[in-house]
Protein chains: 6
Amino acid sequence: MTESLADFNAFRSRMNDLILDSGNLTMSRFFNLDHRAYEPGALGTKTKEMLGLVSSLVLRCDDCVTYHVIRCHEEGVTREEFLEVFAVGLVVGGSIVIPHLRRAMARLEEVAAQ
Amino acid sequence: MTESLADFNAFRSRMNDLILDSGNLTMSRFFNLDHRAYEPGALGTKTKEMLGLVSSLVLRCDDCVTYHVIRCHEEGVTREEFLEVFAVGLVVGGSIVIPHLRRAMARLEEVAAQ
Amino acid sequence: MTESLADFNAFRSRMNDLILDSGNLTMSRFFNLDHRAYEPGALGTKTKEMLGLVSSLVLRCDDCVTYHVIRCHEEGVTREEFLEVFAVGLVVGGSIVIPHLRRAMARLEEVAAQ
Amino acid sequence: MTESLADFNAFRSRMNDLILDSGNLTMSRFFNLDHRAYEPGALGTKTKEMLGLVSSLVLRCDDCVTYHVIRCHEEGVTREEFLEVFAVGLVVGGSIVIPHLRRAMARLEEVAAQ
Amino acid sequence: MTESLADFNAFRSRMNDLILDSGNLTMSRFFNLDHRAYEPGALGTKTKEMLGLVSSLVLRCDDCVTYHVIRCHEEGVTREEFLEVFAVGLVVGGSIVIPHLRRAMARLEEVAAQ
Amino acid sequence: MTESLADFNAFRSRMNDLILDSGNLTMSRFFNLDHRAYEPGALGTKTKEMLGLVSSLVLRCDDCVTYHVIRCHEEGVTREEFLEVFAVGLVVGGSIVIPHLRRAMARLEEVAAQ
């Protein structure tokens, strides 16, 4: 867990630009679609971001977890709610999720401290 | 998609009994913990069941999807809300999710028709 | 392996229609994007379909494998080429892929016999 | 769970022959290597088959689980030992493993009844 | 492979405390259950730890592999036995496991050198 | 993304030697088989390396992606072709692939700059 949130965001932003500027339409359309999937509809963005967070946790993608922890925090997910999303992800995904849960907790501390 | 919901439930119930009666404490405790993870807390059961549904979809487990479609329906998840949970799962998990999404839609029709 | 190709295609087609007619824009846009990802560009459709096939095999999605076996056959992938795509998928994905490889071989026989 | 052990073995055997007779050396060498990985060495075949079983369970491959349940039974794995292998797989892999655990229990009953 | 075993253990311990002190009962019960799954029963702890190790390898979780390499070493797993567990994991999981196998070998050297 | 290509190659080479010199025949035979799976046959090595790359991307293995980016570059895969392989991997594997895609793009820049 050596990478700071600032470094995470800088690399993410630089690489997203590189992908979006590459001229490959499939990838830029996918990025656009990915963005829109979390817009409010029958479900609000807060709920959708929690869906994204639990999916990232059970699929064990640390960077995806970091991103959705940030977004959930912005949408007002409380500490207790975060813990319950994590708990569902842990039970669904099993002990193999634990290392990712540890890093998710560290990110949560980091985000809450800002 | 030849297995009816009745057959699904009968096999599920019979096998759960066999596992719970096997005398293995780790497994019976896990089943208990799994049950309690969806009880209301900071998040309600409806939200937690949607978390379980999207996790099942991105992990591509048809039986888990069937179970959570049933439970979400019982908790009052509407058709529009189901579609938005499916959409987040599809974007997170990619086209590899599509065959499971088709079966999820078939289950949704089946549950809604009851 | 009880489902015929005709049944596979009928269920696939009926459920795709249901999804596309559901009114959820994220899902219909994803389906459109999925279709376009295999259009010819710097790489031809034949190569892209082989990429889709090997991805489906290592991700162990039988329905996805069936779909790409059909499409690869339409694009002129030969029996020897199919076997080499399968071999790469087997070595990358390991013995856990073998049951899916068996079903892929059965689909290949079925498609070739038509 | 409609496929009998006899049908499982017949399809498995027929398709393995087709793969081994296909002339693709990578695949036939892989099958040979897969077979030899379970031969006794510093660890006995019984232990190695339990390793194969738990791997199949956490990777959620029903056919692989069926195969290793048969092989473990042949190697003298007892009912209590099977349950403990299943329990480790369940805790490592989480509730997403449960549908596969149900089918594993059904296969265990089937094998034990022979 | 820049993180030392000492750093691994320190982060693991600090984050486990944070999770266990969070007040979320589902997570603390899961941690307790995870611990008990490896206690001796019909199978000894050494065998169960090898089951945990091969599961971690095929699921490609470096931190889980590190943890079970440490525990297996404590339980008396020999170098030859470690290699055979790794070999089963490699054949089951395929070449995608190789980068994790490299890190597992590095951890094994590190643990053996202590 | 702090590890340079030189560090990646040095660790990879040192650990491969350790594995191949360990005396475990299953692992050394697997490595040999892995190498031969990409030799030209009905499909050329360039196509097979692209199959390896897309498999690595959808299975989300950064080190495997790095290896196949290097090999594809050696086999003459152009920037446009790389982007199309990435695009297929992104659509098949979904947004969970994006962090790995970012690192793949960074590796592509690194390889192209040499």
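Colleague: Before we start, what are the ground rules?
Modeller: This is a predicted model, so local features need pLDDT of at least 70 and side-chain atom pairs count only at pLDDT 80 or more, while totals for chains, interfaces and linings use all residues. Residues are numbered from 1 along each chain as its sequence is written, chains are lettered from A and ligands numbered from 1 in the order in which they are written, and side-chain values use heavy atoms, with hydrogens and water left out.

Colleague: OK, chain B and chain A. How many residues are in contact?
Modeller: 24 residues of chain B are in contact with 24 of chain A. Contact means heavy atoms within 4.5 Å.

Colleague: How much area do chain B and chain A bury between them?
Modeller: About 2200 Å², with 78% of it on carbon and sulfur atoms. Buried area is the accessible area (1.4 Å probe) that two parts lose on being put together, summed over both.

Colleague: Which three residues supply more of chain B's share than any other three?
Modeller: B:Leu51, B:Glu84 and B:Val91. They supply 26% of the area that chain B buries against chain A.

Colleague: How many salt bridges are there across that interface?
Modeller: The rule finds two between chain B and chain A. One of them pairs B:Glu84 with A:Lys48, with the closest N and O atoms 3.0 Å apart. The rule wants a side-chain nitrogen of Lys or Arg within 4 Å of a carboxyl oxygen of Asp or Glu.

Colleague: Which helices of chain B each supply at least two residues there?
Modeller: H2 (25–36), H3 (45–58) and H5 (79–93) of chain B each do, on the side that touches chain A. H3(B) gives the most, with eight residues. Helices here are DSSP runs (H or I, at least four residues), numbered from the N terminus.

Colleague: And by class?
Modeller: The side of chain B that touches chain A has 15 nonpolar, four polar and five charged residues. Asp, Glu, Lys and Arg count as charged; Ala, Val, Leu, Ile, Met, Phe, Trp, Tyr, Cys and Pro as nonpolar; the others, Gly among them, as polar.

Colleague: Switching to chain C. How many residues are in contact with chain B?
Modeller: 19 residues of chain B are in contact with 19 of chain C. Chain B and chain C bury about 1800 Å², 74% of it on carbon and sulfur atoms.

Colleague: Which side chains meet in a salt bridge there?
Modeller: C:Asp63 and B:Arg103, at 2.9 Å, N to O. The rule finds one salt bridge across the interface of chain B and chain C.

Colleague: Which helices of chain B are on that side?
Modeller: H5 and H6 (98–113) of chain B each supply at least two residues. H6(B) has the largest share, eight residues. By class, this side has 12 nonpolar, two polar and five charged residues.

Colleague: New topic. Where is E:Arg60 found?
Modeller: In the loop between H3 (45–58) and H4 (62–74) of chain E. E:Arg60 has a positive phi of about 60° although it is not a glycine.

Colleague: Is E:Arg60 buried or exposed?
Modeller: Buried, with a relative accessible area of 17%. Buried means under 20% relative accessible area, exposed over 50%, partly exposed in between (1.4 Å probe, protein chains only).

Colleague: What about F:Arg60?
Modeller: F:Arg60 counts as buried at 19% relative accessibility. Phi of F:Arg60 is near 60°, a positive value.
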